[in-house]
Amino acid sequence: MAGDDGSSGGAGRGRGSTEDEVQIQVAGSSKPETSSTNKTDPQSSPAKHWHWWLMVVLNIFFLIAGQTASTLLGRFYYNQGGNSKWMSTFVQTAGFPVLFIALYLFRSKPTQTATASPETSGTKVALIYIALGLIIAADDLMYSYGLLYLPVSTYSLICASQLAFNAVFSYFLNAQKFTALIFNSVVLLTFSAALLGVDEDSQGTNGLSHGKYILGFVLTLGASATYSLILSLMQVTFEKVIKRETFSVVLNMQIYTALVATIASLIGLFASGEWKTLEGEMHAFGSGKLSYVMTLLWTAISWQIASVGVVGLIFVVSSLFSNVISTLALPIIPVFAVIFFHDKMDGVKIIAMLMAIWGFISYGYQLYVNDKKARKTSVSVEESS
């Protein structure tokens with residue numbers, strides 16, 4: 001599961017067929033129209049067309065549901081007395097083994113078009129997975145430190161900057177095309193998340209020095225930029241290196257990068273000595289030892305569900321769209337926080353949520369417009385031939 005403008009395929013790319021590699025140019029696609037990968041695609045047949053939209057909707061659900069659940073469980077972990085930064089980093093990728101079930105169910109058959117040239121196979125892909133995995137581990141750790149050293153309001157505000165960073169990376173690395181609707185979506189979602197961050201009651205930086213506050217600010221900003229870079233690099237990998245369009249490709253990307261990130265986090269957990277405090281943390285956990293274990297377990301699984309949505313959206317649409325959906329989830333989370341943690345839902349949060357929905361509809365309409373245009377082009381090509 002994955003998601004984005006081009007990660008997981010290219011922007012607006014269609015799912016792979018068994019005979020011909022069919023691809024789609026969607027609204028907001030990052031591929032130039034002259035590119036060989038911009039052939040008319042899922043739109044060429046109703047079945048493929050609806051399959052593409054089904055994949056988009058499914059990955060949106062995975063991303064929003066996974067991100068919301070993992071955020072709420074993460075908050076529950078800290079509320080009940082959890083305090084390990086490396087454990088927090090570890091669980092963000094440690095749930096990857098559950099994806100082997102999906103990999104088995106959605107394994108793809110070898111196709112004639114999926115012939116890998118020497119430079120795009122084996123070692124090259126493995127090195128890319130290792131590099132991305134290490135970057136992901138570092139990114140997760142920066143986020144963990146940022147949340148520790150910053151008020152929630154400031155942390156949320158800075159995290160909202162990831163969409164702006166992604167817009168820049170998508171433009172330069174993925175040749176992302178910006179239309180008025182896409183620009184409107186980016187601006188609305190960024191301001192929606194920022195508004196939410198400004199409104200959030202400050203948690204303060206009790207007992208923390210000014211130096212740690214500055215460090216938290218820098219690390220969170222760096223993590224937001226790094227996350228956006230990861231999405232664009234995944235898109236480049238799908239489009240330029242792997243060049244295959246199957247769901248198993250998406251799962252492989254998530255599984256192997258998560259494996260590397262998990263190993264790196266595990267090394268950090270032991271090297272830092274934090275592993276020595278875990279037993280005491282479990283015994284002191286507010287809701288009990290079993291709850292401690294289940295919280296970490298389901299946090300890990302939720303993160304993987306979200307990650308599949310992220311990578312899947314990159315594959316079927318683009319890295320920018322994947323980040324748009326990720327940002328959309330920020331104002332949605334407070335709704336569930338009201339239900340499960342009895343948080344207060346004020347007017348500012350409602351406005352932020354409505355702005356986020358407006359931004360999402362704006363981007364979604366752009367996809368619809370491009371999709372409709374692609375189908376008309378496909379029909380014209382078929383009639384002329």
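Tutor: Phe 62 counts as partly exposed because its relative accessibility is 23%; buried means under 20% relative accessible area, exposed means over 50%, and partly exposed lies in between (1.4 Å probe, protein chains only). Phe 61, at 53%, counts as exposed.

This is a predicted model, in which local features need pLDDT of at least 70 and side-chain atom pairs count only at pLDDT 80 or more, while totals for chains, interfaces and linings use all residues. Residues are numbered from 1 along each chain as its sequence is written, and side-chain values use heavy atoms, with hydrogens and water left out.

A pair of aromatic rings is described by the distance of the centres and the angle of the planes. Rings of Phe, Tyr and Trp (its six-membered ring) pair if their centres lie within 6.5 Å; planes under 30 degrees apart are stacked, those over 60 are edge-to-face, and the rest are tilted. The whole structure holds ten aromatic pairs. One of them joins Phe 61 to Phe 62 in a tilted arrangement, 6.3 Å centre to centre with 50 degrees between the planes. Tyr 129 and Tyr 256, by contrast, form a stacked pair, with centres 5.7 Å apart and planes at 20 degrees. This second pair links distant parts of the chain, since Tyr 129 belongs to helix 4 and Tyr 256 to helix 9, 127 residues away. Helices (H or I, at least four residues) and strands (E, at least two) are DSSP runs, numbered from the N terminus. Tyr 129 is buried because its relative accessibility is 12%, whereas Tyr 256 is partly exposed at 33%. Elsewhere, Phe 76, Tyr 77, Phe 285 and Tyr 292 form one aromatic cluster.

Together with Phe 100, Leu 259, Ile 263 and Ile 267, Tyr 256 makes up a nonpolar patch with about 440 Å² of accessible area. Such areas come from the Shrake-Rupley method with a 1.4 Å probe, and for residues only the protein chains shown count as cover. Patches consist of residues with over 30% relative accessible area and no salt bridge; like charges are joined within 9 Å, and nonpolar side chains (Val, Leu, Ile, Met, Phe, Trp, Tyr) within 5 Å. Helix 9 gives the most to this patch, with four residues. Ile 263 lies in helix 9 and counts as partly exposed because its relative accessible area is 47%.

Contact means heavy atoms within 4.5 Å; apart from residues up to four places away in sequence, Thr 262 touches Phe 90, Thr 93, Ala 94 and Phe 96. Gln 254 is found in helix 9 as well, which covers residues 247–272. Gln 254 is buried because its relative accessible area is 6%. Leaving aside neighbours within four places in sequence, Gln 254 is in contact with Leu 99, Gln 304, Ser 307, Val 308 and Val 311. The side chains of Gln 254 and Gln 304 are joined by a polar contact of 3.0 Å. A polar contact is a pair of N or O atoms within 3.5 Å; within protein, one must be able to donate a hydrogen and the other to accept it, and residues adjacent in sequence count only if both atoms are side-chain atoms. Gln 254 and Phe 96 are 158 residues apart in sequence, yet their C-alpha atoms are 7.6 Å apart in space.

A salt bridge is a side-chain nitrogen of Lys or Arg within 4 Å of a carboxyl oxygen of Asp or Glu. By this rule the count is one salt bridge, and it is formed by the side chains of Lys 85 and Glu 274 (3.4 Å, N to O). Lys 85 is in helix 2 (residues 85–91), and Glu 274 is in the loop between helix 9 and helix 10 (278–284), 189 residues apart. Both residues, Lys 85 and Glu 274, are buried.

The protein as a whole has 13 helices and zero strands. Of its 385 residues, 52% count as buried.
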